Amino acid sequence: MLRWLDERLGIADWARSGLRKIFPDHWSFLLGEVALFCLVVLVLTGVFLTLFYVPDATPVTYEGSYLPLQGQEVSAAYRSVLDLSFDVQAGLVMRQVHHWAALVFVAAIVVHLLRVFFTGAFRRPREINWLVGIGLLLLALGMGITGYSLPDDLLSGTGLRIIYSAAISIPLVGPYIAFLLFGGEFPTATIVSRLFVFHVMLLPALLLGGVAVHLAILWRQKHTQFPGPGHTEHNVVGKSFWPSQVFKSTGLMLLVAAVLALMGGLVQINPIWSYGPFIPTTVSAPAQPDWYVGWLDGSLRLFPPVEFTVLGITVPAPFIPGVLLPGLAFTIMTLWPFIEQRFVTRDTRFHELLDRPWDNPFRTALGVAALLVFVIATLAAGNDVAAIIFNIPVEVMTDVLRILIFVVPLIGFALTWRVMHELRRDDRVGPARPPVVRLRRTPDGGFEEIEASD
Amino acid sequence: MRALSILAAVLVLVGLAIVTVPAISPPPRTLAAPGEEQLAQQGAALFARSCASCHGSEGQGTEFGPTLQGAGAASADFQLRTGRMPFTEGAGAQAKRKPAAFDDQQIEALVAYVASLGDGPQVPEVTVDQALVPEGQRTFIGNCAPCHGATGNGGAVGGGALAPALDQATPVQVAEAMITGPGQMPVFGYDQHGLNAVASYVDYLQHAPHPGGFAIGGIGPVPEGFVAWVLGMALLFVIVVLIGRRWTAKGGDEEHVP
């Protein structure tokens, strides 16, 4: 059979070398695989959900088994998700696994991105794959936002309203962009079916294609590796794909699926029946997006509501915190390999060996500071929930976060900078030893110092 | 997190009870079963001891507390049975639910006295009816959930005010709050049918099953995000470290690719 295939396709050599691809032996190289396997679970559960979901905003009467909504007018989309949750065998657990997998998927991407950043794995020749990776992150966020909005419940409707407002706030072109996306003034009947096309067709196609490119480039360029015995800038040391890595990865995939199934089976997520159907005149509270969009919401919540006019063009309040600052942050992150090469390290050499985080204290400290800004902005999206937990006024909570978002990253930068420099010194000359002091006991019980001889 | 916050709330309440109960020291209850007028008289005596210092000797109000003339039986019943009065939270704070400081008979007496001070809403009679749950849900989502949250878990309102969780509110207390508007809450002038519907839905929320497993607060993405990281990602991190560990002796059967 294999011979038959090889005679026709001539792929034996290609496959043989593929199977011998070397995987360096370090746990942090598996973080990206976690994201990949979350994606596998997302595709499998997503296909199941697509069989039952109805992308239609037409009002219908709910007649299913959830008592509080019986007889109420809801959209066909919302009804289909209720039916999926209450009246389809295994529907709820599939929905919950899908949603948990989405949250963990982006979390795994972020952790993988941090690994790549802090080890300088994006340096020449791997800038292209950094760009592809950022593209995948953006697509994952797009998948998350569109998926979150599909059930057409009150919470996701609130989210869509915010996205619409952010889009329309862009000076000059905002209204055109918003109308192009939504097909009119919010709320529109067409948005649900458009989101559906994005969520199950356009974005997944781009995402899966992007993953293929990401892996193909990885395969072509080979893995990076940490410095170690026998590890040089001109080789890759590790285990071959077959059999070692195949077993590791298969095991990891099964365990990822197990953890996600555990969460989907035991922990409730997005109880849209509690939120109720989307009603344009109503807003529910507390209203948060899923965690990975939290930093955008937090940015809106923290930024002072300023609106001004330049050259006759009004800049609406949501534009700076909702579009400009996040866009700027993403642009800097996207271009970081080039920025670093040009302005920070001036290092254009090829690298197969990774940096340890202390090899480049500035990069590490900057990354920590950026991460802290992100974390605090994310927490700010829950300022009302935090206000209840800590029992303080929500205004005080917001003001505290406004200060923290400047102070904490600065402290984080300074501390990291210092610690990384010490680690680097230790790495080069060994840990500093206290100076040797010799003492002599005098006959009357005192001590005197002998001049150190070393 | 829910369990923790409940535990914290219980501890705070116990602490408050220990601090406040001796200070208020309600008088011993009388044995005779009194009529409405007698009740009001008894209430007046209690009022003079426990309430008049803030609400005034005739309930006319002082700089420390609002007038109770026209507050009505519903308001007094709500404030006393939910333990919000007597007010012990300190100046500027919001009255919080705590164990009632008075027993049933004393509360009836105080309520009768406050009702006698002026016309106000009576203690409503509320019927919880499953058939009204859908209607109650619609009203609740439109008018209650924006502050109390979709699952009645409470929320921050602004200006330092918190809309309390509704997990302990009885149907009568729900209706009383709607017709009297305690604290920052507006008055919702529903008829008997509307009161029954909302009370029925709050009752449903309190007893509803949680489809899908642990409800983790029922307030959506904030606890969900924490669980995704603290349970999901953390667990996977441990798995990754275990799987990715070097299982063979250093440099064992490694291959080198030049």
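In this predicted model, Leu172(A) is exposed, with a relative accessible area of 63%, and its place is in the loop between α7 (154-168) and α8 (174-182) of chain A. Together with Val173(A), Tyr176(A), Ile177(A) and Leu181(A), Leu172(A) makes a nonpolar surface patch of about 520 Å².

Phe23(A) is buried, at a relative accessible area of 8%, and Lys21(A) lies over the face of its ring, at 5.1 Å from the ring centre.

Over all chains the count comes to 30 aromatic pairs, including the two tabulated here.

| Aromatic pair | Geometry | Centre to centre | Angle between planes |
|---|---|---|---|
| Phe23(A) and Trp219(A) | edge-to-face | 6.3 Å | 80° |
| Tyr53(A) and Phe196(A) | tilted | 5.4 Å | 35° |

Because Phe23(A) lies in strand β1 and Trp219(A) in helix α9 (residues 191-221) of chain A, their pair ties together parts that are 196 residues apart in sequence; Trp219(A) counts as partly exposed, at 36% relative accessibility. The pair of Tyr53(A), in the loop between α3 (31-50) and β2 (59-61) of chain A, and Phe196(A), in helix α9 of chain A, links parts of the chain 143 residues apart, and both Tyr53(A) and Phe196(A) are buried.

One aromatic cluster is formed by Tyr66(A), Phe86(A) and Trp273(A) with Phe140(B), Tyr201(B) and Tyr204(B).

Technical notes. Residues are numbered from 1 along each chain as its sequence is written. Chains are lettered from A and ligands numbered from 1 in the order in which they are written. This is a predicted model: local features need pLDDT of at least 70, side-chain atom pairs count only at pLDDT 80 or more; totals for chains, interfaces and linings use all residues. Side-chain values use heavy atoms; hydrogens and water are left out. Patches are made of residues with over 30% relative accessible area and no salt bridge: like charges are joined within 9 Å, nonpolar side chains (Val, Leu, Ile, Met, Phe, Trp, Tyr) within 5 Å. Accessible areas come from the Shrake-Rupley method with a 1.4 Å probe; for residues, only the protein chains shown count as cover. A salt bridge is a side-chain nitrogen of Lys or Arg within 4 Å of a carboxyl oxygen of Asp or Glu. Helices (H or I, at least four residues) and strands (E, at least two) are DSSP runs, numbered from the N terminus. Buried means under 20% relative accessible area, exposed over 50%, partly exposed in between (1.4 Å probe, protein chains only). Rings of Phe, Tyr and Trp (its six-membered ring) pair if their centres lie within 6.5 Å; planes under 30 degrees apart count as stacked, over 60 as edge-to-face and the rest as tilted. A charge sits over a ring if NZ of Lys or CZ of Arg is within 6 Å of the ring centre and within 35 degrees of the ring normal.
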